[in-house]
Amino acid sequence: MTDLIETPDAATTDAAAGGSTPSIDPVAAFRSLILDKLKFEVAKTVHTASDRDWFIATALATRDRVVDRWMASTGDTYARDRKRVYYLSLEFLIGRLLLDTLNNLEIVEVAREALSSFGVDLDRLRQVEPDAALGNGGLGRLAACFMESMATLSIAAHGYGIRYDHGLFRQRIKDGWQLEYPEDWLAFGTPWEFARPEVDYSVGFGGHVDAIQKSDGTVEHVWRPAETVEAVAYDTPITGWHGKHVNTLRLWSARAADPIRLDAFNQGDHVGALAARVKAEAISKVLYPSDATPAGEELRLRQEYFFVSASLQDLIRRHLQGHDDIRSLADKVAIQLNDTHPAIAVVEMMRQFVDLHEVEWAEAWELTNRIFSYTNHTLLPEALETWPVPLMERLLPRHMQIIYLINALNLDAVRKAGITDGPALSGLSLIDEGQGRRVRMGHLAFIGSHKVNGVSALHSDLLKVTVFRDLHNLHPDRICNKTNGITFRRWLQQANPGLTRAIVDTIGPRVLDDERELVKLAAHAGDASLQGRFAEVRRSKKAALSQLVLERLGVKIDPEALFDVHVKRIHEYKRQLLNIMETIAVYEEIRSQPTRDWLPRVKIFAGKAAASYHQAKLIIKLINDVAKVVNSDPTVRGLLKVVFLPNYNVSLAESIIPAADLSEQISTAGMEASGTGNMKFALNGALTMGTLDGANVEIREHVGAENIFIFGLTADEVEARRRQGIDARANIAASSRLKEVVDAIASGVFAPGEPDRFKGLTDALTYHDYFMVTSDFDAYYAAQRSVYRLWRNKTAWWKAGILNTANMGWFSSDRTISEYAEEIWNVPVARL
């Protein structure tokens, strides 16, 4: 099994390092490379090539520029025996890679000029590339940003995940309802990946465990799986800024050990002969299959163990290539668990140490604890995965034995620390006895890691008093904070080149290497010329988005209107419902007060709801039904438009975010771990409408309270309200505006012929308002009027927008990764 360890020759090394090479016209060289790829890889001529052919040829030519640097980076890691970071994540939402890679190699204009000589437009080719459907939302996009920053900072790192054939799902909207279809991003393959059929590991499931008595009196446990699935590796190079370092994203595809049962096939059972193959390959078919059924729940667990087992086998194999003793693994390896999905890795590592490499239990546990760290992404107890004990015992019998022993030893230590009462011990146990005996994966990740981090200051503080309160009291130094960040290369340079040019022209090109330089922009926030450039760039982005909306939805929107944007996963706590309720209030007032000086506004929504999440899908339906009524009402006169853009993904975000005037970050306080969309919008100069939740708190600290719109209950106030009860009838009765909105929804104003369509929403609002929509409605409505007032003063608006951009440098993922490296992983970073 190889790891790109070929030693690069001197010329390659010089080229990768930016050393001297013979003078060659870069455009001509790249043009020639594209032609070679078009001819020898795509088998097309200049005259017969389609846009997709040109995309493939250009991607392959770009990939060639990456490979030498990739080999050089890998070779250097081996030569210097560097400590490696392994980032385990069930999601990597990497999006399109063509422009991302060209930008980081600093050859965007070279490629553009080379292609233009053939009459081919680079921007058109960008649209041909499918989004890699390897994630759902913020969790996967964060992982992608982190991989790019690790490469930029020259950290020797691997990302490990699953190569989903169909990812989450492709969202279509029909009659206002969300429909889910398979995502087909791999239908024609991807030019960025390298298949590694020689990197193939067996992953076991089921079976039994033999306890073998050894001559020295010890017992050896041998797991005999009933089923094995092959994990085959596919590698994608991840290029850092300037192309100076390239890391590997290794994704696993599931294959059956035997693709077909020939005996069954020859006996006429053509479908049954493929049953084992279908069962095995289901593991890497779809991201987040519904777990509403026992079969779906089992598939989720199979996915998580599959990629964890393959990844640990791979990294241990790599370590033992250069080291004789596996006991040195903790000195050379740091593993980051991205949420609870890969938490079974703690148990698998113990199995590897104890069962396969004969390390004594106590030493194995100490090594495991030094190796692992865990990022928590949620304060929702239901989102911290738990697995039924019977399922674990059946599917992973040896792992369940290890979990029982970890739990017993952990509780023994707890008792020795003086904690002996039943409720406290129950709260610290890995087994939740109150829900039909389930394994708490969050607890497992916590006690198996030397550091546990939240992803914003508020979130990290809340972890200590909510989901991990008891564990924090036992291990008070374990929880730390690492506020999320975003890669500015994609979300500023690539998504908004016009704004990037304006920034560079104002404060110099050093800002492209060091995001902390952005703060220098603040001194120019009052400059009329810079405000004009910001406004001009925004206007062009809004015009482009308006055209996209027209093409996809047939709805004409005005680029001069205020673009009020709410794009993210659809969930009750993210409160798209609150937003559309305020929209309904404005709609009713426009109709009843037509002579008022109304400010034109476009409400833009996008996001996917989990396939089995009925309330979230009902919210999507309500948004679309409101849009249908509002957009077709002649009395509104275009002063208010509502659009829902389907199939939200990274590429659509790159079109929407630079065009936004107002960024909606209105989650129920205390429920959003961090958010990264809030950072992307603010970086591009949008003003934030938000609660004091997640990273909004830190954004306010950096941009200034006067440059952000904050409203609503705080996290402490939310908890206090919930303790008082969540029946909202009094709230609704106390606000005539709110009552009118709820009555309009409940009476069928937006569902003619089906007045009970949204009864599930209005009943939840009235009798079980857990997400505090009614409690925050009036404050939200008032905050929106503050937006109107500032929007009318364009000088003040653009000054605030520039100050948002100027003060976002701290929210770079380079800063976040530097903190992980220095404070958790103990690896060096190379700041530019």
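## Rings, cores and cysteines

Let's start with Y87, which is buried at 1% relative accessibility. Here, buried means under 20% relative accessible area, exposed means over 50%, and partly exposed lies in between, with a 1.4 Å probe and protein chains only. The model is predicted, so local features need pLDDT of at least 70 and side-chain atom pairs count only at pLDDT 80 or more, while totals for chains, interfaces and linings use all residues. Residues are numbered from 1 along each chain as its sequence is written, and side-chain values use heavy atoms, with hydrogens and water left out.

### Aromatic pairs

Rings of Phe, Tyr and Trp (for Trp, its six-membered ring) pair if their centres lie within 6.5 Å; planes under 30 degrees apart are stacked, over 60 edge-to-face, and the rest tilted. That rule gives 19 aromatic pairs. One of them joins Y87 and F146, whose ring centres are 6.0 Å apart with planes at 80°, so the pair is edge-to-face. Y87 belongs to strand β1 (residues 84-88) and F146 to helix α7 (residues 138-152), so this pair ties together parts 59 residues apart in sequence. Helices (H or I, at least four residues) and strands (E, at least two) are DSSP runs, numbered from the N terminus.

F146 itself is buried, with a relative accessible area of 0%. Its ring also pairs with that of Y820: the centres are 5.6 Å apart and the planes at 70°, so this pair too is edge-to-face. Here the link runs between distant parts of the chain, from F146 in helix α7 to Y820 in helix α34 (residues 813-825), 674 residues apart. F146 and Y820 are both buried. Through ring pairs, Y87, F92, F146, Y820 and W825 join into a cluster.

Rings also meet charges. A charge sits over a ring if NZ of Lys or CZ of Arg is within 6 Å of the ring centre and within 35 degrees of the ring normal. R163 has its charged end over the ring of Y234, 3.8 Å from the centre. R785 lies over the face of Y781, with 4.1 Å to the ring centre.

### Nonpolar cores

In soluble globular proteins, nonpolar side chains tend to be buried together. A nonpolar core is a set of buried Ala, Val, Leu, Ile, Met, Phe, Trp, Tyr and Cys residues joined through side-chain atoms within 4.5 Å. The largest such core holds 150 residues, and L88, M150, W252, F306, I335 and W825 have the most contacts inside it. What does M150 touch, leaving aside neighbours within four places in sequence? M150 is in contact (heavy atoms within 4.5 Å) with V85, Y87, I155, A157, N247, I817 and W825. A second, separate core has 111 residues, among them L93, L548, A585 and A783.

Helix α21 (residues 497-507) has G498, L499, T500, A502, I503, V504 and I507 as its buried residues. They pack against α20 (488-494), α22 (528-553), α26 (677-683) and α33 (794-806). After α21 comes G508, with a positive phi near 100°.

D564 is found in strand β17 (residues 562-567). The side chains of D564 and K603 are joined by a polar contact of 2.9 Å. A polar contact is a pair of N or O atoms within 3.5 Å; within protein, one must be able to donate a hydrogen and the other to accept it, and residues adjacent in sequence count only if both atoms are side-chain atoms. Not counting residues up to four places away in sequence, D564 touches R601, V602, K603, I604, L662, E664 and Q784.

### Cysteines and a loop glycine

How many disulfides does a search of the whole structure find? The search finds zero, a disulfide being a pair of cysteine sulfur atoms within 2.5 Å. The closest cysteine sulfur to that of C145 is in C480, 20 Å away and therefore too far for a bond.

G809 lies in the loop between α33 and α34. Its C-alpha is 8.8 Å from that of F488, although G809 and F488 are 321 residues apart in sequence. Leaving aside neighbours within four places in sequence, G809 is in contact with F488, E515 and L518.

The table collects accessibility values for some of these residues.

| Residue | Relative accessibility | Class |
|---|---|---|
| C145 | 1% | buried |
| C480 | 17% | buried |
| D564 | 0% | buried |
| G809 | 7% | buried |
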